[in-house]
Every structure is written in C-alpha cells, then in structure tokens.
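I opened my notebook for a quick tour of this model. Here is what I looked up, in the order I went through it.

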Amino acid sequence: MNEELKSAYLPWELFDLIIDELGANVDDESLTALLNCSFVCHSFHFRASGYLFSNIVILKKTNTNPHILTAKRLEDLHRIMVNNGSIASRVRSFTIDTWIGPTSPEKFRAQILENPDVPGIIANFTSLRHFSWINHHLMLLWPSFSVAISSAVHNLFASPTLQSLTLECIKGIPYTFISRCSNLKHLRLVHVEPSGSPLLPTSHFNDKRIHLHSLVNYDSSEMVSGILHGDTPTSSMLSKLRDLHVWMRRDSEVLAAWSIMQAARETLELLDITELSHFRYPTLIPGPVDLGALRKLSTVKLSCRMATLDRIVFPMGVCGLLNPPSIPSSIEIVHITFDWIDCTVGSEEARFLDEPGWSALDDILSQSTTFPMLRRVLLTLRLGYKWDIDPTNDPPSKIVRIKEVTGRWAGRLLPRVATSGSAKVNIAVLIYNSPYAPNIAADF
C-alpha cells in the first residue's frame, strides 16, 4: 500500500511550477488559489507567499476615513513582516495611496506623516524594484513628514534594486532624493514640485548614473529640468530613453518636453502627449518642436480634451506638431484622440463635415516625402453627452442614432491618407455619458 501511495507522489519541482504559473497571473482566481496553497504546508507557504506579497498596495477601497484605514493597514503589514521575516525580502513593488491636503485635520495628518510603521516597513525591503507614493487630495507637503519617514525613503531611493519610481501630488521633495536612484529605469512624476537648488553637473551620481528607459512628466517640469541640470551631454540620464509621456498645455511644458526630446533624440521611440493645448496655435504649438529630429521615433500619440466654452472644435496644434519636419520623419504610427466632453444634439455636423481641420490633417499625413514610414493612422473620437440611465442601462434612441450618423461621417475623414495605399486608417467613434454635458432631454 505504501508503495502505491509513494508512486502517486509528484516531484516537488512540479508543485513549484504550478505555484509559479498561478503567480504569473493577477486575476482573483489565481490569487485565491495562491492563498489556499499557502495553507497547505511550509514549502507551499514559502513559495506562494512570495507571490502574494510581491506587489503590495495600501489602497482605500471603502468609505471609511482614509487616514484611519491607511494607518491600520500599515500597522497590519508591519506586524506581518515582523512575524514572517522572509516576506519583506520578496516584496518587489510597494505603493502607498494617501489623501492628505494642507487643510486636512492635524490628527488625521499625523496618522500618515508621523506614522511609526512606515520606516520599519521600508527599512525591511531589500529587493524592491518599484516604489509609489500617490496622494489624491491636493498637494502633500514633503517637509511635513517625520524625520524617520523621510530618512527611510531617502535610503530606499539609494537601493541598487530600485528600478521604477512613481510620485504624485507631492510638494517640496529635494532634487537629491531622486538623484540617489542610481539604477532607475522608469520614472513617473505627476504634480511634483521640488525644493532646494537644481543639481550641479556631475555632482550627484558618483560612480553610477541614471539611464531612464521611460519617463512620465505631468506638470512636473521644474523637477525634471532641475534633475537634468546636472546632466552632461556625454552622459545624459536620457541617453537611453525610449518612451516619453508628457503634457504640453502651456509654454513651460512645451519647452520642458522639447528639452527632453532633444536629449533623447537618438533613442526615443514613443512620444505620448496625453494633454495637448488647443489654444494659441501656432505661437505655442509646435513652438520649437521638430519631430524630424527624433531619429528613431516610431509612434506618436496626441490627445486633446475640449469643452464648448473653449470655442475649439478641431485643435490645430495637432497639425502644428505634425507639420513637415526639417527632415523626413521615421514615424510609423500616429494615434490621435479628440474628446469633446459636453456635446449637444445637433453639433455633430460642425465637428465632422464642416471642420476644415480634417482636410489640413489629411494633407499633412498624406505627404509620403514627409512621412515615408507611416503605416497606421488611428483616430479615437469621443463625444460626451448626458442622458438619464434607465433600468435597462441602454442608451436612448437619440444616442443610438447619433452613433450611427457620426460613424458614417467619421468614415469619410482622411480620404487621401486612406487611399494612399501605404497607411491604414482606423477610426473609432465612442459616445459616452458625460457629467459635463447638458441632458439631452432638454434638447427638445
């Protein structure tokens, strides 16, 4: 009998492979299966817990006071790490979401800014690859943190394993903090304001230098420019940059974005302008930007949001950016998204049939000498209307008709590009229920 049971046993390597397969997925079923595996035995627990704790997010998911809930979760996490010494070394990603503003009550602010568990948690990370601190309520003032938290984060940024960093809605973080991330590959800054003086050339990297592969710069131009101030032309932190995501809504953002593009002109492959100004063309857009100078640029994404009060139907800044560059461009894919957030019934013809901007865009993109590598043009046209939700959750018949009509009109856009034979045009019209639009029930 024992021999029969012994022959039915599987090698431990197969169990490891099964757990590894579950760990490669992030769906709820796989996580539940991993949790169940962790209760089987010590070997299963060690293997499964590494995946269960590899990505930790301290996130508010209930209506409970966010400060109390965040503090409680930090306390629980610290206790788990103290009682399970092997877990911290296997955490690869750690994110803290907070809701702290200058007007938050002092007792709630202290629960986060002076939290006793954060330093202990961060100090235990020995193999962390990604760190995020995301604030959701106005600007979090970095100098308000306790010395213990600030020191722990300062030391974490110097970790040789840290490759990805996200900071959102933070004011007063020193330039030198980010410069300590010697192996940083991915940097995301959203509404981040620095403190102190910009870095001096070659003074902040010692023997290692940051070489970013991707950069997100949303309303953080002063921080990015200050870090770049310490760069030298022969050893730039952007000399290997491939992906750039920026806002270009005003002069300072256009100039900052262009300085980044110039520093990465030999390597940049993706340019994603997620918010492009639709005002002051052509004095603001394109400004100094010349996409032809970006020698490996293959994909350009441009997005604009427009309201009726803007009095803009077609943002000519798009044509300004794509206007014939100094030399033929290497761009292969152009993806343009227009989002009209407060449409009214009857305004569709002006957006699709009467707007001369479409013809101007068609002229630019159909020039084979300017865009000899162009293979795909994608248009995503979002129209926001407001309607009452009925029990069936189906859109009103007016919206269905608008969808049909605008879909036919959109199919006529960019005819010269579509018939060029070299580039394929894909156009998607998306109609959504927008809180900014007047209710269509009032249109008639």
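By about how many helical turns are Asp 76 and Lys 72 separated in helix α5? I found them 4 residues apart in that helix, so about one helical turn separates Asp 76 from Lys 72.

Before going on, I noted that this is a predicted model, in which local features need pLDDT of at least 70, side-chain atom pairs count only at pLDDT 80 or more, and totals for chains, interfaces and linings use all residues. Residues are numbered from 1 along each chain as its sequence is written, and side-chain values use heavy atoms, with hydrogens and water left out.

**Entry: salt bridges**

I looked for salt bridges (a side-chain nitrogen of Lys or Arg within 4 Å of a carboxyl oxygen of Asp or Glu). The count came to 12.

I began with Asp 76 and Lys 72, whose side chains meet in a salt bridge at 2.9 Å, N to O. Lys 72 is partly exposed at 43% relative accessibility. For that word I used these cut-offs: buried is under 20% relative accessible area, exposed is over 50%, and partly exposed is in between, with a 1.4 Å probe and protein chains only.

Next I checked Arg 249, which forms a salt bridge with Asp 219, the closest N and O atoms being 3.8 Å apart. Arg 249 sits in the loop between β8 (243-248) and α11 (251-263), and Asp 219 in the loop between β7 (214-218) and α10 (221-228), so this pair ties together parts 30 residues apart in sequence. The numbering of helices (H or I, at least four residues) and strands (E, at least two) follows DSSP runs from the N terminus. Arg 249 has a relative accessible area of 26% and is partly exposed; Asp 219 is partly exposed at 26% as well.

I then turned to Arg 416 and Asp 363, where the salt bridge is 2.6 Å, N to O. Arg 416 belongs to helix α16 (residues 415-418) and Asp 363 to helix α14 (residues 357-365), so the pair joins parts that are 53 residues apart in sequence. Arg 416 is partly exposed at 36%, and Asp 363 is partly exposed with 36% too. I also jotted down a network: salt bridges with shared partners link Asp 219, Arg 249, Arg 250 and Glu 253.

**Entry: α10 against α11**

I went on to the helices that flank those loops. The axes of α10 and α11 come within 10 Å and cross at roughly 35°. Axes here are lines fitted to C-alpha atoms, for helices over the stretch in contact, with angles from 0 to 180 degrees between N-to-C directions. The contact (heavy atoms within 4.5 Å) is made by Ser 221, Val 224, Ser 225 and Leu 228 of α10 and Ser 252, Glu 253, Ala 256 and Ile 260 of α11.

**Entry: Leu 189**

Is Leu 189 buried or exposed? I found Leu 189 buried, with a relative accessible area of 0%. Leu 189 is in strand β6 (residues 186-195). Setting aside residues up to four places away in sequence, Leu 189 touches Leu 167, Ile 178, Val 216, Asn 217, Tyr 218, Ser 220, Met 223 and Val 224. I also looked up Ile 134, which is 55 residues from Leu 189 in sequence and 9.9 Å away in space, C-alpha to C-alpha.
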